[in-house]
Structures are given as structure tokens and as C-alpha cells.
Amino acid sequence: MTEQIQVAKAPVLATPIARMRTRDRRQLSISRQVVLQLLCLLITATVMFPLLWVVSMALDPRNISRPTDLSLIPPGASLDAFNRVLARPTLNPVSFAQLAFNSLFIAFLISVTSVVLGILAAYAFSRMRFPGRAFLMIAVLAVLMLPAIATLAPLFTSMNKIQVGTFNLRNSLVGVALAVTAGQLPFAIWNIKGYLDTIPRELEEAATVDGAGAFAVFRHVILPLSTPVIAVTAFFGFLAGWTEFYFSWSFLSDPKSWTLAMALNGMVGQYAANTRWSEFAAFAILVALPVAIVYLFLQRYIISGLTVGGVKG
Amino acid sequence: MTAIATVRAATPRRPGIWQRTRKTRTAYLFLLPALLVMAIITFYPLVFQVWMSFTDYGLTNLKSTAPPPNLVGFTNYQRILNNNIVLPNFDFVRILVFNLWWALSNVVIHVVLGVAIALLLNVEGLKAKRFYRAIFILPVVIPPIIVATVWKNMFDPQYGAVNLLFNGTIGALFKLPPVTLDWINQPNPIFQAGPFILPLAYFALLAANSWLGWPLNSVVATGALQSVPKDLYEAAEMDGAGWWAQFKTVTLPFLRPAMLPYAIYGFVITFNLFYLSYFMSGGGPFGQTELLVTVGYRLVAEQHLYGVAAAFAVFQFFILLTITIVTNRLGKATAAADA
């Protein structure tokens with residue numbers, strides 16, 4: 001199944017790579033090889049430098065406030081900074097687990113909402129002709145162009161009016177998730193639609209001939225074929241929630257509902273003079289590593305989506 | 001017999017309205033959940049925002065029991081254009097000029113670096129290509145908020161890795177006194193011409209965003225490069241075309257259709273890039289690295305001037321609309337030149 005899509009999706013990419021492998025035997029002269037290798041190593045060094053710096057700070061066992069020199073792996077490297085930051089990342093009495101739970105909650109809500117609503121709408125846009133289609137597609141595109149922050153003020157004031165007992169929608173994780181979804185949903189619709197457009201219609205036509213209605217086709221043909229784009233869109237929704245900052249920072253006031261990104265801001269912002277950089281580094285790694293690993297796994301799908309979507313405009 | 005035939009022939013031609021709209025109804029059934037949610041959290045706020053922009057909506061109007069704000073006409077718009085809002089160092093024209101230059105300079109660097117490195121990794125016979133490709137994707141997978149906060153500390157005058165690296169290598173080699181250059185807060189601009197001001201912090205932001213931005217451009221360029229038939233290079237070589245002529249006549253026509261939409265996309269993304277400006281420089285020094293998005297954010301989160309913020313967002317909307325129209329025209333014009 002997946003193989004089929006890959007070929008259907010990136011036919012331009014698939015053939016030349018195969019052809020190139022057979023022709024890649026032309027030798028470079030030694031001097032050229034050395035010069036190009038040095039250039040590549042220089043680029044590698046600039047790419048790796050900030051990453052290695054963070055890792056080495058996080059492993060520093062001295063529990064000092066700031067690093068005074070550059071060393072790849074500090075002598076006596078330890079994971080103490082990770083332990084400290086897991087126990088109490090900020091000045092507030094909130095554990096890393098609590099922060100991570102809040103971020104996870106937002107991330108899952110955004111991810112699920114945007115994918116479920118997104119794929120339904122994308123299917124209609126990709127496969128059906130109906131009055132108002134062009135207008136609605138432009139409406140979605142126009143919103144996609146706006147930065148998420150563009151509706152911060154009205155979302156803040158409107159959500160603040162929704163108060164049930166002690167629950168205020170603005171001052172809640174659900175409210176933040178809703179606000180982020182507003183930016184994420186148009187992206188989900190557009191991204192999934194771009195992918196559905198590349199699935200050949202023959203499969204659906206065969207199912208329709210067999211008597212399947214629109215819903216049956218969606219459930220038994222489209223849905224199974226869309227696994228890669230669902231994974232990618234869900235991941236981007238998750239990422240938006242996991243690293244969300246501006247809505248949570250302006251909406252949430254209770255330290256118990258702080259998120260990872262808000263704690264990170266506390267570690268570098270105005271009042272960061274007392275933050276040990278080893279702890280900041282450990283925290284940054286704990287936030288970045290899980291999503292970086294998933295990104296690397298999904299990389300193939302993300303990039304083929306980028307190039308195909310890009311060429312189509 | 002005849003009567004039945006006419007009826008039969010007529011029925012499929014004139015189905016009831018319920019029958020005829022079946023497809024439309026199905027389509028809207030699929031769209032309904034998304035449209036409902038977007039109506040509430042996107043379209044309603046957008047319309048409400050326009051109304052808000054004509055009011056003095058502030059902290060006192062927040063509570064659900066609070067009185068509605070007063071209508072003030074175009075006052076908020078005038079205040080923004082006259083730089084008469086509480087935000088320190090606010091200068092609308094200066095920020096807009098800087099914002100445009102910020103997006104343009106970044107995209108040019110991203111595309112040039114991205115294409116150059118894609119070409120480098122496309123050289124036939126280069127060893128360890130796969131290793132380099134795997135390393136060069138790493139900046140893409142780190143969340144931007146992490147990149148921004150890490151680079152902020154990297155540019156710290158005393159303990160930052162950038163100054164330490166310089167002192168440890170070139171400084172040590174030539175026995176220079178330790179450099180404690182304050183990249184972010186150095187007050188004297190490097191370049192100034194009217195409202196166009198580039199402080200040192202801009203170059204620090206540029207460095208960080210270049211690190212972040214070129215790899216994805218390189219990936220897109222690599223995809224395009226691999227679609228160039230090798231025979232074309234051989235043919236060009238036989239015609240005696242040098243390296244540059246080959247690039248111009250063979251490579252570039254294949255690169256352009258892939259890179260151009262991506263560059264436009266990159267321009268809009270960079271134009272609205274919140275994290276680097278907010279976390280690395282905090283908009284400083286003197287608000288000189290502030291972007292429209294960070295100003296809009298400060299108006300809500302720090303100043304609580306919701307009415308002014310709404311008017312500011314309306315300005316932002318029209319600026320982005322103009323950018324979209326102009327870049328689309330440019331994209332089409334160059335596409336036509338290709339054909």
C-alpha cells in the first residue's frame with residue numbers, strides 16, 4: 001500500500017535516483033575530493049556546534065551557573081542537571097511531569113481535532129464538486145496566510161467572557177488548545193488535500209462501481225491510503241501544541257497549568273539570571289529530543305509532501 | 001405505452017430538488033465539522049476584531065459583567081500611524097521596513113546557501129554523502145523555540161559560545177585580549193539610513209536563522225537537482241559549456257520551479273517569525289529588531305490594549321495580503337519567463 005503511494009506521489013524523484021546510482025561511479029581527483037570533504041566538514045561543524053554546546057552544558061557535573069570554556073564532554077560528565085530539572089524546572093513548585101502533562105494535553109487536543117476535522121474537509125475539497133467550493137477554499141487559504149497571533153486579541157477577549165463557575169475558558173488549557181487549533185486547522189485541510197489530490201481516482205471508481213457511497217469510499221479507500229499524511233499532519237499539530245508559547249503565555253495565569261515552553265521562557269527571559277545554564281540545557285534537550293526523533297522518522301513523508309505541495313503552489 | 005415511455009424518460013431528467021442536491025449535501029456534511037469550528041474560532045474572531053479595532057477595548061472591559069467598550073472611530077488606526085501607542089520605541093514605518101528587509105535578507109541567504117550546499121552534495125563521486133545529508137537535516141528537526149533560546153545564550157557577551165569560540169581559537173592564536181562583544185544589546189547600529197536601521201542584534205538573529213533555515217531549502221533543491229537528466233550535462237559538456245554555463249542553462253531551469261514557490265513560502269514564514277525576535281533580542285536594542293508579530297503580541301500580552309492590538313492586526317492583514325499578491329505576481333511572471 002505504502003509503496004504504491006510513494007511512487008504515485010514522487011515519480012519525478014524515484015527514477016532519477018535509481019539512474020544516478022548506476023552512473024555515480026565517475027571518480028573525483030584526490031585533491032578535489034579533499035577540498036570538498038573539508039568544505040563538508042566545515043558545514044558539519046557549524047551545524048553541530050550549537051547542538052554539541054547544549055549537550056556538553058547539560059552534562060557538566062560542576063553545577064556552576066555559567067560555562068567558562070568550551071569542552072565537548074566536560075570531565076566527570078553526569079546527568080545531575082537532568083535530575084534537577086526533572087524535579088523542579090522553575091521557581092514554581094511544579095514538576096517537569098506536570099509541565100509535560102499540560103503540554104501533552106494541549107498537543108493531543110490540537111493534533112486530534114485538526115486531523116479529524118481536516119481530513120473530512122480535505123476529502124470534500126479534493127473529490128467533490130459543489131456550489132461554494134472555490135469560495136470556501138479561498139477562505140481557508142486566506143486564513144492559512146495569517147499568522148496564528150493575528151487573532152490573539154479577539155480570542156483573548158471572547159474566551160475571557162466564557163466563565164462557568166470558576167472555570168474561565170481563556171485561563172484554561174482547553175482555551176489555549178482551541179486558539180492554536182484555529183491556526184492549525186487550515187494547514188491540516190490544505191496539507192491533507194494536497195496529498196489526496198495525488199491518490200489516483202481509479203481505486204475509488206472501482207469501489208463506486210461496486211456500489212459504495214461517499215462515506216464507504218472515504219472509510220475503506222481514502223482513509224487507509226492516507227496514513228502517511230495523517231501521521232505528518234498529526235505530528236505537526238502535536239508539535240504546535242508541544243512547543244506552544246504565545247497563547248499559553250498570554251492566556252494562562254495559574255502556575256499549575258504552565259506548559260514546557262512557558263517554563264523555558266522563564267529560563268532565558270527577564271528573570272533568568274539565577275537559572276543555571278546546565279539546567280536550561282538539560283531542559284531544552286528534554287523538550288526537543290522526543291519531537292526531533294519523531295521528526296527524523298517521519299522525515300521521508302514530510303519532505304515528499306513539501307516538494308510536491310511546493311511545486312503545486 | 002407511449003405515455004409510460006414519456007414518464008420514464010422524463011423522470012431521470014427532472015429529479016426532485018432533494019435528489020439533485022444529494023452530492024452537495026454530502027460534500028457539506030464532510031465540511032460541516034471543520035466549517036463550524038472555523039466559524040467559531042477563526043472567522044468570528046476576525047470579524048469581531050474589526051469591530052474591536054474601532055473601540056477602546058482595554059483591561060476594564062474584560063470581565064463578562066463589564067460594560068462594553070466605547071466606539072472611538074479611527075483613533076486606534078491614527079495612533080498606530082502616528083506612533084502614539086504606549087509601547088516604547090514604537091515606530092510603525094521603521095518596524096515595517098525592518099520586517100520586510102528581515103524576511104528578504106533571510107530568504108536570499110537561505111536559498112543561496114541551500115542551493116550551494118545541495119550542489120556540493122550532488123557532486124558525483126563525493127564520499128560520505130549520506131552521512132552529510134543525515135547531519136545537515138538536524139536544524140530542521142529542532143523546535144524553533146529551542147533554537148531561539150539556545151542561540152540567545154550562545155550570543156551572551158561573557159559566557160556565550162560564540163565569543164568563547166573566537167577567544168579559544170583566533171584569539172588564542174594571535175594572543176588577543178578576550179572579546180566580550182555584546183551581540184544582542186550593542187546600542188550603536190551597524191547601518192543606518194533614515195528609517196532603515198540594522199543593529200548588531202540583527203546580524204546575530206540573521207546568523208541564528210540562517211543556521212535554522214538553509215537545510216530545508218537544501219532538501220528542496222536536492223529534490224529538484226535529482227530530476228535533472230544527466231544526459232543534459234553530457235550534452236552541455238560536449239558543447240564546451242563550462243561549470244557556470246552548465247549551471248545557468250541546465251541546472252537553473254530545473255531548480256527554479258521548485259525553489260520559487262518555496263522561497264515565497266519562506267518569505268511569508270520569515271516575515272511572521274515570532275520566536276527569534278522575541279526570545280533572542282526581545283526586539284532590542286531600542287525596539288530595532290521588533291517585528292510586526294512581536295509588536296502585535298506585546299500590545300495584547302504586555303500592554304493590554306486590545307482595541308489598538310485589533311487595529312494593528314487589521315494593518316497586518318492588509319500588509320500580508322499585499323505581500324501575497326505581489327509575490328504571486330512575481331512567481332507567475334518568472335514562471336512565464338521560463339516557458
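These are my notebook entries on what I looked up in this predicted model.

**Entry 1: chain A as a whole**

I began with the make-up of chain A, where I counted 14 helices and two strands. Of its 313 residues, 44% count as buried. I then turned to the contacts within chain A that have a separation of 6 or more, and noted that residues 24 or more positions apart account for 75% of them.

**Entry 2: helix α7 of chain A**

I looked up burial in helix α7 of chain A, which runs over residues 152–161, and found that nine of its ten residues are buried, so the helix is largely enclosed by the rest of the structure. The buried residues that I wrote down for α7(A) are Leu152(A), Ala153(A), Pro154(A), Leu155(A), Phe156(A), Thr157(A), Ser158(A), Met159(A) and Asn160(A).

**Entry 3: helix α10 of chain A**

Next I took helix α10 of chain A, residues 214–225, which has twelve residues and reaches 15 Å from its first C-alpha to its last, close to the 16 Å expected at 1.5 Å a residue. I asked myself which residues of α10(A) are buried, and the list came out as Ala214(A), Val217(A), Phe218(A), Ile222(A) and Leu225(A). Seen down the axis of α10(A), these buried residues fall within an arc of 95 degrees, so they line one face of the helix. On the face turned away from that buried side I noted the exposed residues Phe215(A), Arg219(A) and Pro224(A).

**Entry 4: α5 against α11 in chain A**

I then looked at how helix α5 (residues 96–127) of chain A packs with helix α11 (residues 227–242) of chain A, and recorded an angle of about 145 degrees with the axes 7 Å apart. The crossing of α5(A) and α11(A) is right-handed. From α5(A), the residues that meet α11(A) include Ser103(A), Ile106(A), Ala107(A), Ile110(A), Ser114(A) and Gly118(A), while those on the α11(A) side include Ile230(A), Thr233(A), Ala234(A), Gly237(A) and Trp242(A). I sorted the residues of this contact by type, and they divide into eleven nonpolar, seven polar and no charged.

**Entry 5: a loop residue in chain A**

I checked Ala77(A), which lies in the loop between α3 (30–59) and α4 (80–87) of chain A. With 15 other C-beta atoms within 10 Å, Ala77(A) is partly exposed. Leaving aside its neighbours within four places in sequence, I found Ala77(A) in contact with Leu59(A) and Pro61(A). Ala77(A) and Ala124(A) are 47 residues apart in sequence, and I noted 56 Å between them in space, C-alpha to C-alpha.

**Entry 6: where the two chains touch**

Turning to the pair of chains, I noted that 79 residues of chain B are in contact with 85 residues of chain A. Helix α3 (residues 22–52) of chain B gives the most to the side of chain B that touches chain A, with 18 residues. By type, the residues on that side of chain B divide into 58 nonpolar, 16 polar and five charged.

**Entry 7: backbone angles in chain B**

The peptide bond from Gly284(B) to Pro285(B) is cis, with omega near -5 degrees, and Pro285(B) lies in the loop between α13 (274–281) and α14 (292–301) of chain B. Phe286(B) lies in the loop between α13 and α14 of chain B and has a positive phi of about 55 degrees although it is not a glycine. With 17 C-beta neighbours inside 10 Å, Phe286(B) counts as partly exposed.

I also noted Ala128(B), whose phi is near 60 degrees, a positive value in a residue other than glycine. Ala128(B) lies in the loop between α5 (92–120) and α6 (129–136) of chain B, and with 14 C-beta neighbours inside 10 Å it counts as partly exposed.

**Entry 8: two helix residues in chain B**

I looked up Trp101(B), which lies in helix α5 of chain B and counts as partly exposed, with 14 C-beta neighbours inside 10 Å. Trp101(B) and Phe196(B) are 95 residues apart in sequence and 8.8 Å apart in space, C-alpha to C-alpha.

Is Ala224(B) buried or exposed? I noted that Ala224(B) is buried, with 23 other C-beta atoms within 10 Å. Leaving aside neighbours within four places in sequence, Ala224(B) is in contact with Phe254(B), Leu255(B), Ala258(B) and Met259(B).

Methods. Residues are numbered from 1 along each chain as its sequence is written. Chains are lettered from A and ligands numbered from 1 in the order in which they are written. This is a predicted model: local features need pLDDT of at least 70, side-chain atom pairs count only at pLDDT 80 or more; totals for chains, interfaces and linings use all residues. Two residues are in contact if their C-beta atoms, placed from the backbone, lie within 7 Å. Helices (H or I, at least four residues) and strands (E, at least two) are DSSP runs, numbered from the N terminus. Ala, Val, Leu, Ile, Met, Phe, Trp, Tyr, Cys and Pro count as nonpolar, Asp, Glu, Lys and Arg as charged, and the others, Gly among them, as polar. The expected span of a helix is 1.5 Å times one less than its number of residues. A residue is buried if 20 or more other C-beta atoms lie within 10 Å of its own, exposed if 12 or fewer, and partly exposed in between; C-beta atoms are placed from the backbone. The arc is that of the directions from the helix axis to the C-beta atoms. Axes are lines fitted to C-alpha atoms, for helices over the stretch in contact, and angles run from 0 to 180 degrees between N-to-C directions. A crossing is left-handed if the near helix is turned anticlockwise from the far one by less than a right angle, and right-handed if clockwise.
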